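Here are some friendly notes to read with the structure open beside you. They go from the ligand to the core, and then to the charged pairs.

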Amino acid sequence: MTDLSAFPITKRWPAQHPDKLQLYSLNTPNGVKVSIMLEEIGLPYEPHLVDIGKDESHDPDYLSLNPNGKIPAILDPDGPDGKPLALFESGAILVYLAEKTGQLIPADAAGRYETLQWVMFQMGGIGPMFGQVGFFNKFAGKAFEDKRPLERYVAEAKRLLGVLDTRLEGRDWIMGEQYTIADVATLGWVRNLIGFYEARDLVGFDALKNVAAWLDRGLARPAVQRGLEIPGRG
Ligand SMILES: N[C@@H](CCC(=O)N[C@@H](CS)C(=O)NCC(=O)O)C(=O)O
């Protein structure tokens, strides 16, 4: 049986099944990228709840794996060369899991780079900008008198959604016929923007026919439905 005791994170979050991939996460838009991916590819894994509301991602045991103090992170007992691999940053984890299993990423080099391009678009644009909309529209920033930050991030979120809507014209998925890690990375963020962040009208979501249809297609996938709940606070 694999011994993961050299990784301090396993002190606070012990592995009951050390032969399985260990997931440290919460079902936020960044967290669900990895749980959706794991559900899609069918790789056995053990989820651990890291409650960021209780600051658990800044626990020294967690920081030993992810010095950036954010979820999600993984510890794969069966990494490259059969050795354990610890990894943080959701985009890096998606690429790793896609390449490890040969799933949800095109086999040809051009298609692979194009997919990575859209994963980066999510990581560098959609995630950070939609997150700011959430802060200024729903959370602490809502009380700020100056509405210019909200307006700025709403405008940028609208622009990014427009780019996505154009990309999805005539396509079922971001890469066309193939559902890929680009979709996995993006679905939870769009869902959150119009749901939990209550910005549906603000960003004019109902005018975006291609994004709306893509989101419906994505949310209808059983693996997505399961992944969105893992790990929940119970
Ligand atoms: N770029 C990181 C962002 C991760 C991130 O922002 N995670 C949030 C939850 S969605 C978090 O852990 N927040 C807790 C904190 O900042 O203390 C990734 O994609 O993995």
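1. A polar contact here is a pair of N or O atoms within 3.5 Å; within protein, one must be able to donate a hydrogen and the other to accept it, and residues adjacent in sequence count only if both atoms are side-chain atoms. With that in hand, look at N30, which has a polar side-chain atom 3.4 Å from an oxygen atom of the ligand. For S90, a polar side-chain atom lies 2.6 Å from an oxygen atom of the ligand. E89 instead faces a nitrogen atom of the ligand, with a polar side-chain atom 2.7 Å away.

2. Before going on, please keep in mind that this is a predicted model: local features need pLDDT of at least 70, side-chain atom pairs count only at pLDDT 80 or more, and totals for chains, interfaces and linings use all residues. Residues are numbered from 1 along each chain as its sequence is written, and side-chain values use heavy atoms, with hydrogens and water left out.

3. Which residues surround the ligand? They are T28, N30, I52, S57, H58, G69, K70, I71, P72, E89, S90 and M123, where being near means having a heavy atom within 4 Å of the molecule. The ligand on its own exposes 520 Å², and the protein buries 76% of that (Shrake-Rupley areas with a 1.4 Å probe; for residues, only the protein chains shown count as cover).

4. Now to the interior. A nonpolar core is a set of buried Ala, Val, Leu, Ile, Met, Phe, Trp, Tyr and Cys residues joined through side-chain atoms within 4.5 Å; buried means under 20% relative accessible area, exposed over 50%, and partly exposed in between (1.4 Å probe, protein chains only). The largest such core has 59 residues, and M37, L97, I181, V190, V211 and W214 touch the most other members. Elements that each supply at least two residues include β1 (21-25), α2 (31-41), α5 (109-137) and α7 (181-194); helices (H or I, at least four residues) and strands (E, at least two) are DSSP runs, numbered from the N terminus. The top contributor is α7, with nine residues.

5. Leaving aside residues up to four places away in sequence, V190 touches F130, L161, L164, F205, V211, W214 and L215 (contact means heavy atoms within 4.5 Å). There is also a second, separate core of 11 residues, with L4, L65, A73 and L75 among them.

6. Helix α2 deserves a look of its own: 11 of its 11 residues are buried. Those buried residues include K33, E39 and E40.

7. How many salt bridges does a search of the whole structure find? The total is 16, counting a side-chain nitrogen of Lys or Arg within 4 Å of a carboxyl oxygen of Asp or Glu. In one of them, E40 meets R221 at 2.9 Å, N to O. E40 lies in α2 and R221 in the loop between α8 and α9 (222-227), so this pair ties together parts that are 181 residues apart in sequence. E40 is buried at 16% relative accessible area, while R221 is partly exposed at 24%.

8. E156 is partly exposed at 24% relative accessibility, and R159 is partly exposed at 46%. Elsewhere, salt bridges that share partners join R12, E56 and D59 into one network.
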